[in-house]
Amino acid sequence: MNRIMTLQISYCELEDLIWREVKINEDSTLDDLAYLILASFDTMANHLYRFEVEGESYYCANSELEEDEKISNCKISDLELQPGDEIIMEYDFGIGHEFSICVLSIVEDESLIDRVPLIIHGEGRGIIDDCSAEDIGFAIEEIDITGKLREPIIYKGTEWDYRDFNIKTANDDLHKEIEEMEKRFS
């Protein structure tokens, strides 16, 4: 029976404002988890990423590392994670976007197999590629004080506002975005 993991994924330094709760099949690879995170946090997926699990680093499949250091074939289940365990994902090494990933539950649930990955809760539109967490924090602060940005940030063709997160739209686009990322990173 396939096991489904529920994960709390928070954007470090802004974890109360930009986060997702997702479901993913435990037999998914770490690359699959990265694509889920990058898609659900509205990134452009133009940068490399790595995971850190109990002091071990796992790098994305298309990085220029030795084959045994890449993660494309490493299943999440291989990590033997338990509820309460936490891993870190870093995206864009120059900026250093970090996501904290906490395992909330692992259950056997055949009813979700065809629906995962799936975003079940969340806040915040997502991050802005090539913009540090500190700069995103400044933009959020300005929006909170004035209601909008003095100098709008146009991101992915629309004006970025951290308050604009729609879970239905995010899920409607999720599988397509993940497929595009799989192609981009392969």
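Helices, of at least four residues, and strands, of at least two, are DSSP runs numbered from the N terminus. In this predicted model, the protein chain contains three helices and nine strands. Read from the N terminus, the elements follow the order β-β-α-β-β-β-β-β-α-β-β-α.

The overall dimensions come next. The chain has 186 residues, for which a compact globule would have a radius of gyration near 16 Å; the value for the protein chain is 16 Å, in agreement with that expectation. Along the principal axes, the C-alpha atoms occupy a box of roughly 50 × 40 × 30 Å. Of the 186 residues, 47% are buried. Among contacts with a sequence separation of 6 or more, 67% involve residues 24 or more positions apart. The accessible surface amounts to about 9,600 Å², and carbon and sulfur atoms contribute 43% of that area.

Helix 1, which spans residues 30–40, is mostly covered, with 10 of its 11 residues buried. Among these buried residues are Leu30, Leu33, Leu36 and Ile37, together with Asp31 and Ser40. Just after helix 1, aspartate 42 adopts a positive phi of about 60 degrees.

Attention now turns to charge. The protein chain carries 16 positive and 46 negative side chains, and the centres of the two sets are 8 Å apart. Side chains of opposite charge can pair when their charged atoms come close. The structure holds nine salt bridges.

One of these pairs arginine 3 with glutamate 26, whose closest N and O atoms are 2.8 Å apart. Because arginine 3 belongs to strand 1 (residues 3–11) and glutamate 26 to the loop between strand 2 (19–25) and helix 1, the pair ties together parts that are 23 residues apart in sequence. Arginine 3 is partly exposed, with a relative accessible area of 30%, whereas glutamate 26 is buried, at 10%.

Aspartate 42 also takes part in a salt bridge, with arginine 125, at 3.1 Å between the closest N and O atoms. This pair links distant parts of the chain, 83 residues apart: aspartate 42 is in the loop between helix 1 and strand 3 (49–53), and arginine 125 is in the loop between strand 7 (118–123) and helix 2 (133–146). Both aspartate 42 and arginine 125 are buried. A network of salt bridges connects Asp42, Arg125 and Lys156.

A further salt bridge joins lysine 168 to aspartate 172, with 2.9 Å between the closest N and O atoms. Both residues lie in helix 3 (residues 167–185), four residues apart, which is about one turn of the helix. Lysine 168 counts as exposed because its relative accessibility is 56%, and exposed means over 50%.

How values were computed. Residues numbered from 1 in each chain as written. Predicted model: local features only at pLDDT ≥ 70, side-chain atom pairs only at ≥ 80, totals over all residues. Heavy atoms only, no water. Rg over C-alpha atoms; globule rule 2.2 N^0.38 Å. Buried < 20%, exposed > 50% of the residue type's maximum accessible area, 1.4 Å probe, protein only. Contact = heavy atoms within 4.5 Å. Areas by Shrake-Rupley, 256 points an atom, 1.4 Å probe, with all protein chains shown as cover. Lys, Arg positive; Asp, Glu negative; His and termini not counted. Charge placed at Lys NZ, Arg CZ, Asp CG, Glu CD. Salt bridge = Lys/Arg side-chain N within 4 Å of Asp/Glu carboxyl O.
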